Amino acid sequence: MAITLPVAYTAFCLQHQSAYLRYAHYRLGEWGAARTCVQGALGELVTMWPQMMGSARPSAVAWQVLRAWVAAAGRPDGAGRAALPPLSAVQTDTVVLRHELRLPEPAIASVMGLDEGTVTSHLRYAARARVSTGSLVRAGTHAVAETSLTVASSPSRGLPPPSPVFLR
């Protein structure tokens, strides 16, 4: 039996999977783990696609699902966090996407489901925090910023990763 995925879902995956994969790789430090997280997140998204598309910001929902998968796969040692000024998880992610992965602000807004002005505001705050603390605003390779979702409350609910729907 063939499974037909919604065209909008396929387009969403094609639009975001590269940035998702680069982000997961940056956070986890290895491509295999990054691919597994992105596959799992995209697999989870397809199961909740109608609800996600009914939300005010579908990309923001997708970003939280991805972050939950990356957090669950991350290393518990928290390496690299001490070098960061006090930033929220969203601010840290905008810094990573802009300064480490070199995504332009409109792309960051699209991937994270934020307004461009919000992305600009987060980046400015991070720059001010860096100046005031004298620290470098750069997340460690294996650091995973805190997330409001924990593994137990993750949309995946502790289930094994769904079958791969990763588009190559």
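Which helix does His-16 lie in? His-16 lies in helix H1, residues 7–28. This is a predicted model, in which local features need pLDDT of at least 70, side-chain atom pairs count only at pLDDT 80 or more, and totals for chains, interfaces and linings use all residues. Residues are numbered from 1 along each chain as its sequence is written, and side-chain values use heavy atoms, with hydrogens and water left out.

**View 1. The whole chain is built from helices.**
The protein chain has seven helices and zero strands. Helices (H or I, at least four residues) and strands (E, at least two) are DSSP runs, numbered from the N terminus. Along the sequence the pattern reads α-α-α-α-α-α-α. Of its 168 residues, 45% count as buried. Buried means under 20% relative accessible area, exposed means over 50%, and partly exposed lies in between (1.4 Å probe, protein chains only). Contact means heavy atoms within 4.5 Å. Among contacts with a separation of 6 or more, 77% join residues 24 or more positions apart.

Is His-16 buried or exposed? His-16 is buried, because its relative accessible area is 2%. Set aside neighbours within four places in sequence, and His-16 touches Ser-59, Ser-110 and Val-111.

**View 2. H1 crosses H2.**
Two packed helices are described by the angle between their axes and the distance between the axes. The axes of H1 and H2 come within 8 Å and cross at roughly 145°. Axes are lines fitted to C-alpha atoms, for helices over the stretch in contact, and angles run from 0 to 180 degrees between N-to-C directions. The crossing is right-handed. H1 contributes residues including Tyr-9, Phe-12 and Tyr-20, while H2 contributes residues including Trp-31, Val-38 and Leu-45. The contact residues divide into 15 nonpolar, three polar and one charged. Here Ala, Val, Leu, Ile, Met, Phe, Trp, Tyr, Cys and Pro count as nonpolar, Asp, Glu, Lys and Arg as charged, and the others, Gly among them, as polar.

**View 3. The largest nonpolar core.**
This core has 39 residues. A nonpolar core is a set of buried Ala, Val, Leu, Ile, Met, Phe, Trp, Tyr and Cys residues joined through side-chain atoms within 4.5 Å. Tyr-20, Tyr-23, Leu-45, Trp-63, Leu-66 and Leu-97 have the most contacts inside it. The largest share, ten residues, comes from H1. Beyond four places in sequence, Tyr-23 touches residues including Trp-63, Leu-66, Val-96 and Leu-97.

**View 4. H4 under cover.**
Buried residues of H4 include Trp-63, Leu-66, Arg-67 and Trp-69. Their cover includes H1, H2, H3, H5 and H6. The 16 residues of H4 should span 22 Å at 1.5 Å a residue, and its end C-alpha atoms are 23 Å apart, which agrees. The expected span is 1.5 Å times one less than the number of residues.

Pro-86 is found in the loop between helix H4 (58–73) and helix H5 (89–100). Pro-86 counts as exposed because its relative accessibility is 61%. Its C-alpha atom is 9.2 Å from that of Arg-130, 44 residues apart along the chain. In H5, buried residues include Ala-89, Asp-93 and Leu-97. Just after H5, Arg-102 takes a positive phi of about 60°.

Methods
Left-handed = near helix turned anticlockwise from the far one by under 90°.
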